[in-house]
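The sequence and structure are shown first, and the description follows.

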Amino acid sequence: NNNNPNRSQWRINGWKNFEKFIQDHPPYDIVIDGANIGYYEQNFANSPKHVDYKQIDWVLRHLLESNGGNHRIMLFLHERHFSPRLAPDWAFALFRAWDSREESPAYDYGRLTVYRTPAGMNDDWYWMHAALVNGEKRKDEDAATSMSSSSVLAITNDEMRDHHFQMSAQGSFLRWKERHQVYFDFGAWNRDLRRRDVLLTYPKSYSRRIQRV
């Protein structure tokens, strides 16, 4: 029951805990809409009920291998996707790797934070808030060190139409989206990397970064 005052307070407390988590967390430069990647191209006959965890990991590995190994990433995925009732047995080794902060010659999960969005909450609001708030925090830190501003990018194909209509500053949000959203796709199977190639389309202002990555 959404009108239950105890549940409403629980939601408020959960959001406040999340805000504190973001404020206390070291800066990161990429947030990932895990469900959007995990459900990508999964609408086919007899498709599994769970997200494609391998697709999410392919994007993580691509980013961790890119940019000289300097990306700091926050992945958002609803907690139900980590439940034994939904996730297949083989996925739990992947979850442990994401949480372990293990290093390997190819990628370092130590630069990854996985945030499990709590039950009853919309994970889209979480990763959008993380991108906007941490982007401002990074601007402040860059100003203090006389460095150029580094903005947080959001990897998702979600056009977020439902969300920007609910915002009071729709124009500002659309400008932010135009400058910070990164679209993804998958290419052919790469035998050397043992995964499909990850194709990212960066905002125009990041065209130089596309070439570097």
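Helices in this report are DSSP runs of H or I with at least four residues, and strands are runs of E with at least two, both numbered from the N terminus. Under that numbering, R61 and D57 both belong to helix α3, where they are four residues apart, about one turn of the helix. The model discussed here is predicted.

## Overall architecture

The protein chain contains eight helices and six strands. Read from the N terminus, the order of its elements is α-β-α-α-β-α-β-α-β-α-α-β-β-α.

Of the 213 residues in the protein chain, 47% are buried. The accessible surface amounts to about 12100 Å², and carbon and sulfur atoms account for 47% of that surface. Among contacts between residues at least 6 apart in sequence, 68% join residues at least 24 apart.

In soluble globular proteins, nonpolar side chains tend to be buried together. The largest nonpolar core in this model has 34 residues, and the members that touch the most others are I32, L63, W98 and I155. Helix α3 gives the most to this core, contributing seven residues. A second, separate core comprises 18 residues, among them F18, M74, M121 and W127.

What does W98 contact once its neighbours within four places in sequence are left aside? The residues are Y53, I56, D57, L60, L75, F82, Y109, L112 and V114. One of these contacts, D57, is also the salt-bridge partner of R61.

## Salt bridges

Side chains of opposite charge can pair when their charged atoms come close. R61 and D57 form a salt bridge in which the closest N and O atoms are 3.8 Å apart. Both partners fall below the 20% limit for burial: R61 is buried at a relative accessible area of 12%, and D57 is buried at 6%.

The pair of K20 and D24 lies in helix α1 (residues 5–24), with the two residues four residues apart, about one turn of the helix. Their side chains meet in a salt bridge with an N to O distance of 2.6 Å. Both D24 and K20 are exposed. The bridge between K177 and E159 has an N to O distance of 2.7 Å. Because K177 lies in helix α7 (residues 170–180) and E159 in the loop between β4 (153–155) and α6 (161–164), this pair ties together parts that are 18 residues apart in sequence. K177 counts as buried, at 13% relative accessibility, whereas E159 is partly exposed, at 26%.

## The loop between α3 and β2

Is H71 buried or exposed? H71 lies in the loop between α3 (53–65) and β2 (73–78), and its relative accessible area is 0%, so H71 is buried. The side chain of H71 is joined to that of D29 by a polar contact of 2.6 Å.

G69 is placed in the loop between α3 and β2. G69 is partly exposed, with a relative accessible area of 23%. Not counting residues up to four places away in sequence, G69 touches L64 and R111. The C-alpha atoms of G69 and R111 are separated by 8.9 Å, while the two residues are 42 residues apart along the chain.

## Hairpin and positive phi angles

Strands β5 (residues 181–190) and β6 (residues 195–201) pair in the antiparallel sense over six bridges. N190 stands opposite R195 in β6. The hairpin of β5 and β6 has four residues between the strands, and R194 there takes a positive phi near 60 degrees.

Most residues other than glycine have a negative phi. E41, which is not a glycine, has a positive phi of about 60 degrees.

Notes. Residues are numbered from 1 along each chain as its sequence is written. This is a predicted model: local features need pLDDT of at least 70, side-chain atom pairs count only at pLDDT 80 or more; totals for chains, interfaces and linings use all residues. Side-chain values use heavy atoms; hydrogens and water are left out. Buried means under 20% relative accessible area, exposed over 50%, partly exposed in between (1.4 Å probe, protein chains only). A polar contact is a pair of N or O atoms within 3.5 Å; within protein, one must be able to donate a hydrogen and the other to accept it, and residues adjacent in sequence count only if both atoms are side-chain atoms. A nonpolar core is a set of buried Ala, Val, Leu, Ile, Met, Phe, Trp, Tyr and Cys residues joined through side-chain atoms within 4.5 Å. Contact means heavy atoms within 4.5 Å. A salt bridge is a side-chain nitrogen of Lys or Arg within 4 Å of a carboxyl oxygen of Asp or Glu. Two strands pair if DSSP finds at least two bridges between them. Accessible areas come from the Shrake-Rupley method with a 1.4 Å probe; for residues, only the protein chains shown count as cover.
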